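Thanks, everyone. Have a look at the structure first.

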Amino acid sequence: MKVDHLKKWLRRLALLGFNAAKLYTEDTYQLPGEPYFGYCRGAYTADELRQINAFAKRLGIEMIGCIQGLAHLTQVLKWGHAYGEVRDTADILLVGEEKTYALLEKKIKHFADVYDSRRIMLNMDEAIDLGRGRYMDLHGERRRFDIFNEHLARLIEICNKYELRPIVSSDMYFRMGSATMDYYDPDAVMPDDVRRAMPAAMQLVYWDYYHGDEAFYLDYIERHRALGFEPMVFSALWTWVELWHSWALTLRNAVPCIAACKKAKVKELYFCMWGDDGAACEFDSALGGLVYVAEQAYSGAFSETKVAAKVAEICQGDYVGSRLAGEMDIQLKPGDSIDEMVLAMCVLWDDPLLGIYSEEMKLWEGDVWGDAATLYGRLASQLAEHQAGANGAGDLEHALNLAEVLKMKVGLRLRLDAAYGRRDMAALKEIAEAVPSMVALLERLDGSFGRQWLRRNKPFGLEVIQIRNAGLIRRYRELQERLMALVAGEIDGIDELDETPGEPTHMNVVGYRGLASGSSNF
């Protein structure tokens, strides 16, 4: 996010009662002497971070450094010539290697210098392959609890040197005690020696974006307290694997989390907004969600009328329009989790010939696509009535473009499946002739993707979305060419349309690579 746009967010956060913020920065900041750290990633300069810190401080907001101290470092470690010696696996740093700690000290010192806060988030979450790569080659197989604690001890030494209090995600402690590496496994067992070795100097984060049950949150808060820590709790506004902030998931999961934190008197509650798989979400669409959760947290008597008024007054946004756009994800029944929904992002990126997602959902949920086409048609009509310019909480013209594309894409696929199955050449010719209209909608959508991205962000990363959109357009043209060849009798069939897995995988949350091709070399 560009500095000026982030300042807008900070002003709104202050007005909503937020008093701390973290920019999740795996490698999106410049480090002296590390030319490939943040290369082509829109990295913040030290001056930019100091400017953000000073602005936030004037608003009463603590900017807390947020780095990765162990995992989620694929973007850096891919530069093997620069970072091969500190790589355990493609994602994880090599524990015990002195060059690893030299790099980590640079990162920690950097945030000690640019931010006033004396706290730093080290994360260290989801290090699933810890000790399973080059580390195992060098040291053999060791208990991961021990590897983790040894590494954490080194990081705490560095933090102490710069008078910073470390903040660490708790999930690896719970995962390593689970037979299935499941953070939320109620049967996870943590050995007593591991409990005793957990550094008292750190703050421990309980992050949970998935549960719709207040009792679950209360239980896990108490599990963290039983370890001797007052947890920071991280809930979320759902912006990842999304094209628009998912109101359904935020309401399902964040609202009971807030209720549990209030009941348990938790001292610090944060709301994460992730950008997995290309950050395709219109992030400003989450501002309405921030208003909603702030009202839930602070108000004794929650009022959606107040939420709508604050979205208009504080964010210059259209609450009703934002809620409508959030319906692009389809809950097949009320209360569905993300694993049970039809995700608009997956519909958009699904290859028009292969139809991986289309086939999966047909096998899993039966006749879902007719209802989806109807819903997207309704959304497009309703969003057309919200184009008056109140776009401070999400670009509603972009939302309309998304709805129009989804409507036509699902409609074309329904027609294609029916016509190809009975070899209705006249209908197949009509579908081929509709492709230019589909391409025009995709080109318009590509334009609004670029507009909202560049309004908010540095340009780096936009190439990912543009490459996907361009690929989708080319694949529709390929579909048109193949259909016309079939109609002309030049080919007997279309192999991609003849292929089906026969049974569902029951994995509806699929990233772009899993939708655009059956190949892993993509």
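Start in the loop between β1 and α2, where C40 sits. This is a predicted model, so keep that in mind throughout. C40 is not a glycine, yet its phi is positive, at about 60°. Is C40 buried or exposed, or something in between? Partly exposed: its relative accessible area is 43%.

Now go to the loop between α8 (171–176) and α9 (192–197). M181 is in that loop. Again we have a residue other than glycine with a positive phi, here near 60°. The setting of M181 is a buried one, with a relative accessible area of 15%. The cut-off for buried is under 20%, so M181 qualifies.

Next, helix α1. It covers residues 3–16, which makes 14 residues. From first C-alpha to last, α1 reaches 20 Å. That is close to the 20 Å expected at 1.5 Å a residue.

Which residues of α1 are buried? Here is the list: V3, H5, L6, K7, W9, L10, R12, L13 and L16.

On to empty space. Rolling a probe the size of a water molecule over the atoms shows where such space is left. How many cavities of 30 Å³ or more does a search of the whole structure find? One. The largest cavity holds about 40 Å³ of space. Its lining has a run from E242 through L243, W244 and H245 to S246.

Last, the second largest pocket. Its volume is about 390 Å³. Of the 16 residues that line this pocket, L354, G355, I356, Y357 and P501 are the closest to its centre. Which helix gives the most to the lining? Helix α16, residues 356–365, with four residues. The lining of this second largest pocket divides into six nonpolar, six polar and four charged residues.

That's my tour. Happy to take questions.

Methods: Residues are numbered from 1 along each chain as its sequence is written. This is a predicted model: local features need pLDDT of at least 70, side-chain atom pairs count only at pLDDT 80 or more; totals for chains, interfaces and linings use all residues. Side-chain values use heavy atoms; hydrogens and water are left out. Helices (H or I, at least four residues) and strands (E, at least two) are DSSP runs, numbered from the N terminus. The expected span of a helix is 1.5 Å times one less than its number of residues. Buried means under 20% relative accessible area, exposed over 50%, partly exposed in between (1.4 Å probe, protein chains only). On a 1 Å grid over the protein atoms alone, a cavity is a set of points where a 1.4 Å probe fits but cannot get out, and a pocket is an open set with protein on both sides within 12 Å along at least five of seven lines; lining residues have an atom within 4 Å of a point. Grid points are joined across faces, edges and corners, and a volume is the space filled by probe spheres set on the points. Ala, Val, Leu, Ile, Met, Phe, Trp, Tyr, Cys and Pro count as nonpolar, Asp, Glu, Lys and Arg as charged, and the others, Gly among them, as polar.
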